[in-house]
Amino acid sequence: MSTAKVIFYFSAGLVTGASLGVLFAPEKGKGMEAGSRILKMKDDYIDEWKQKFDDFIDGVSGKLEKVRDTVNDLADQAQTKLESVKLETRKEHE
């Protein structure tokens, strides 16, 4: 199972469990109603997961940039080597 699916199912289970816990938890004194608590928790979870997702994307983007830079460097080295070999071959045939 891919990491994205695991993260999705885990977060869906977490939100579902938290929502059910809030719905069925006994109220003590004058507090927020269950619906208001769920909405607040939902917003908090959404903000938290957005931040985690943004951090994940930033990390992946950074790694992809490093890979791209490495590939470009290797391509430049290969091009330089190819030009050097072509020049040597021309000199040998002259």
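## Nonpolar patch

A patch joins residues with over 30% relative accessible area and no salt bridge; nonpolar side chains (Val, Leu, Ile, Met, Phe, Trp, Tyr) are joined within 5 Å, like charges within 9 Å. A salt bridge puts a side-chain nitrogen of Lys or Arg within 4 Å of a carboxyl oxygen of Asp or Glu. Areas are Shrake-Rupley values with a 1.4 Å probe; for residues, only the protein chains shown count as cover.

The model is predicted: local features need pLDDT of at least 70, side-chain atom pairs pLDDT 80 or more, while totals for chains, interfaces and linings use all residues. Numbering runs from 1 along each chain as its sequence is written, and side-chain values use heavy atoms, without hydrogens and water.

F53, F56, I57, V60 and L64 form a nonpolar patch of about 470 Å². V60 sits in helix α2. V60 counts as partly exposed because its relative accessibility is 34% (buried is under 20%, exposed over 50%, partly exposed in between).

## Whole chain

The chain has two helices and zero strands (DSSP runs: H or I of at least four residues, E of at least two). Buried residues are 5% of the 94. The accessible surface is about 8,200 Å², with 62% from carbon and sulfur atoms.

## Largest pocket

A4, I7, F8, S11, A12, V15, W49, K52, F53 and F56 line the largest pocket. α1 (3–24) and α2 (34–93) each supply at least two lining residues. α1 gives the most, six.

Technical notes: 1 Å grid on protein atoms, 1.4 Å probe; cavity = no way out; pocket = protein on both sides within 12 Å on 5 of 7 lines; lining within 4 Å. Buried < 20%, exposed > 50% of the residue type's maximum accessible area, 1.4 Å probe, protein only.
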